[in-house]
Amino acid sequence: MKIIVCIKQVPDTKGGVKFNPDGTLDRGAMLTIMNPDDKAGLEAALRLKDQYGAEVTVLTMGLPKAADVLREAIAMGADKGILVTDRVLGGADTWATSTTIAGAIRNLEYDLIITGRQAIDGDTAQVGPQIAEHLGIPVISYAQDIKVDGSKVIVQRQYDDRYHVLEAQMPCLVTALAELNDPRYMTPGGIFDACAAEITTWGRADLKDVEDGNLGLNGSPTKIAKASDKVRKGAGEKVTPDSPDEAVSYIVGKLAEKHVI
């Protein structure tokens, strides 16, 4: 069985985010991590590898430094890493991103594609289903459990306070929740292997069956009107009541002032 896991290097929001003049994220200037949902999807693929001897290929689109997240995945147990990077691909929205990734995947053999439900820098949950649409394969989203039975994939799909059990013939794409599992750590041996591993790098010329008009910022139908860092709040008003009754009176007065009560 051949599994492709699409992962993304996303900003570590604890370190703050920065923007380019056109409103897109300045990814080259920020600390980064592997997207949590994608890491859970990778762990699901690695468990299938442990169980069935599957071959796991990780694929990402991004700046050259996104190779770091591929090496992290290899250190966890993935077999191969593919980086799709090219200046013409920069500034892509979900449509242009999914078009690019699908164009790369068409070069590969696969039975199962796993993506994260969504990335913490965009929170759209659109790229995974769009990739499936481009490739013409079924998609099961919001996976909280993934099993394989012969040529079928069986997924528990999260739904409100319950779940659906869905089956699909492979090839199929599944989007994973961060709650799907607890990803394993990198091993010392895996880290050595990852450092020595050769990362395959593809550019625009390596994408199959895609048009230039659907790539990068120019091929993105979504336009950013405004972007800003989170607004930092001030210290607020501090009071030191002399008694519990005075504290209660103060709080009730503020609630009445704001028309909450």
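Colleague: Which residues does Ser98 touch, not counting residues up to four places away in sequence?

Modeller: In this predicted model, Ser98 lies in helix 3, and the list leaves out residues up to four places away in sequence. The residues that Ser98 touches are then Val127, Gln130, Ile131 and His134.

Colleague: Is Ser98 buried or exposed, and what is its relative accessible area?

Modeller: A residue counts as buried when its relative accessible area is under 20%. Ser98 is therefore buried, because its relative accessible area is 0%.

Colleague: Which elements do the buried residues of helix 4 pack against?

Modeller: Helix 4 covers residues 127-135, and its buried residues are Gly128, Gln130, Ile131, Ala132 and Leu135. Just after helix 4 comes Gly136, which takes a positive phi of about 70°. The buried residues of helix 4 pack against strand 1, helix 3, strand 6, strand 7 and strand 10.

Colleague: At about what angle does helix 4 run to strand 10?

Modeller: Helix 4 lies across strand 1, strand 6, strand 7 and strand 10. The angle is taken between N-to-C directions and can run from 0 to 180 degrees. For helix 4 and strand 10 the angle is about 175°.

Colleague: In what order do the nine strands of the open sheet stand?

Modeller: The edge strands are strand 9 (162-169) and strand 11 (200-202), each of which pairs on one side only, and neighbouring strands of the sheet are turned by 30° against each other on average, direction ignored. The pairing in this open sheet is mixed, and the order of its strands is 9-8-7-10-6-1-4-5-11.

Colleague: Which residue in strand 10 does Leu112 stand opposite?

Modeller: Strand 6 pairs with strand 1 in the parallel sense over four bridges, and there Leu112 is the bridge partner of Ile3. Strand 6 is also joined to strand 10 by five bridges, and these two strands run parallel. The residue in strand 10 that stands opposite Leu112 is Cys172.

Colleague: Which residue in strand 5 is the bridge partner of Thr57?

Modeller: Strand 4 and strand 5 (residues 80-84) run parallel and are joined by five bridges. In strand 5, the bridge partner of Thr57 is Lys80.

Colleague: Which element gives the largest share of the largest nonpolar core?

Modeller: This core has 39 residues, of which Leu42, Ile146 and Val153 touch the most other members. Several elements give two or more residues to the core, including helix 1 (36-52), helix 2 (67-76) and strand 7 (139-149). The largest share, seven residues, comes from helix 2.

Colleague: Which residues does Leu42 touch, not counting residues up to four places away in sequence?

Modeller: Leu42 is one of the residues that touch the most other members of the largest nonpolar core. Once residues up to four places away in sequence are set aside, Leu42 touches Val5, Met34, Val56, Val58, Ala73, Met76 and Ala78.

Note on methods. Residues are numbered from 1 along each chain as its sequence is written. This is a predicted model: local features need pLDDT of at least 70, side-chain atom pairs count only at pLDDT 80 or more; totals for chains, interfaces and linings use all residues. Side-chain values use heavy atoms; hydrogens and water are left out. A nonpolar core is a set of buried Ala, Val, Leu, Ile, Met, Phe, Trp, Tyr and Cys residues joined through side-chain atoms within 4.5 Å. Buried means under 20% relative accessible area, exposed over 50%, partly exposed in between (1.4 Å probe, protein chains only). Contact means heavy atoms within 4.5 Å. Two strands pair if DSSP finds at least two bridges between them.
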